[in-house]
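Open the structure in your viewer and keep the selection tool at hand. This tour goes stop by stop, from the whole chain down to single residues.

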Amino acid sequence: MPKHLDGPTVFFTVSLARPGTRLLIDEIALLREAVRRVRTRRFFHIDAWTVLPDHMHTIWTLPAADPNYSERWGAIKACFSQHLGLAGRAPEPPPGRLSPKARQRGEVGIWQKRFSETVLKDRASYDRHLAFCWIDPIRHGLVERAEAWPHSSLHRDLRLDAGRVASTLKAHICSSRNPGQMALPLLSEVAA
């Protein structure tokens, strides 16, 4: 948890309205640009981020003076949707998702209206959610090793402190309710 920010640290899951698509990874450049634009206007620290085909998990630490994450998510979703629409690549929303008025306003209806959030109050909770971000691509059968998934902050974290990554993952595997299920080859550092 970043010491330079004194606001809340929050774990999020944000999903598309239509599960089973590849939109987020197919349009990863637009998503990154949307996040960059919002962070330029209203900073937040990205502790972890993993983008999967139809949803993403992230941990943010916010400044105490401006902890409103709902507005940030609204801006990220709007920016991504707008640029997707302008590029002519916005998929059709699920049936009944958008009213005629919403269509007139230019909404594309690709996101679930809500997201889930969990405020992380201690180091153990933080580490559990951090490990979850890193291993979720394995859980979904997208890769066999966490470092094989390209859309994860794990790569940044390995560059910064591979030992910390390994110890966090080892602790997560050992404390998992289903350790046999978690005994997948996560990282070469974990096996060492």
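A nonpolar core is a set of buried Ala, Val, Leu, Ile, Met, Phe, Trp, Tyr and Cys residues joined through side-chain atoms within 4.5 Å. Keep that in mind for the second stop. Note also that this is a predicted model.

**Stop 1: the whole chain.** Colour by secondary structure. Followed along the sequence, they run β-α-α-β-β-α-α-β-α-α-α-α. The protein has 192 residues, and 48% of them count as buried. Now think about contacts with a sequence separation of 6 or more: 70% of them join residues 24 or more positions apart.

**Stop 2: the core.** Which residues have the most contacts inside the largest nonpolar core? Select Phe44, Trp49, Trp60, Trp73, Ile76 and Phe80. The core itself has 48 residues. Several elements each supply at least two of its residues, among them strand E1 (9-15), strand E2 (45-51), strand E3 (55-61) and helix H6 (154-175). Helix H5 (123-139) gives the largest share, seven residues.

**Stop 3: Ile76.** Beyond its neighbours within four places in sequence, Ile76 touches Leu31, Ala34, Val35, Val38, Phe44 and Trp60.

**Stop 4: H2 against H3.** Select residues 28-41 for H2 and residues 69-86 for H3. Their axes lie 9 Å apart, and the helices pack at an angle of about 140°. H2 is therefore oblique to H3. The crossing is right-handed. By class, 10 nonpolar, one polar and three charged residues make up this contact. Show side chains on both helices. From H2, pick Leu30, Leu31, Ala34, Val35, Arg37, Val38 and Arg41. They meet Arg72, Ala75, Ile76, Cys79, Phe80, His83 and Leu84 of H3.

**Stop 5: Pro53.** Move to the loop between E2 and E3, where Pro53 sits. Is Pro53 buried or exposed? Its relative accessible area is 14%, so it counts as buried, the cut-off being under 20%. Leaving aside neighbours within four places in sequence, Pro53 is in contact with Leu16, Thr21, Arg22, Leu23, Leu24, Ile25, Leu142 and Trp149.

End by drawing a distance from Pro53 to Gly20. The two are 33 residues apart in sequence, yet 7.4 Å apart in space, C-alpha to C-alpha.

Conventions: Residues are numbered from 1 along each chain as its sequence is written. This is a predicted model: local features need pLDDT of at least 70, side-chain atom pairs count only at pLDDT 80 or more; totals for chains, interfaces and linings use all residues. Side-chain values use heavy atoms; hydrogens and water are left out. Axes are lines fitted to C-alpha atoms, for helices over the stretch in contact, and angles run from 0 to 180 degrees between N-to-C directions. Helices (H or I, at least four residues) and strands (E, at least two) are DSSP runs, numbered from the N terminus. Angles under 35 degrees count as roughly parallel, over 145 as roughly antiparallel, 65 to 115 as roughly perpendicular and the rest as oblique. A crossing is left-handed if the near helix is turned anticlockwise from the far one by less than a right angle, and right-handed if clockwise. Contact means heavy atoms within 4.5 Å. Ala, Val, Leu, Ile, Met, Phe, Trp, Tyr, Cys and Pro count as nonpolar, Asp, Glu, Lys and Arg as charged, and the others, Gly among them, as polar. Buried means under 20% relative accessible area, exposed over 50%, partly exposed in between (1.4 Å probe, protein chains only).
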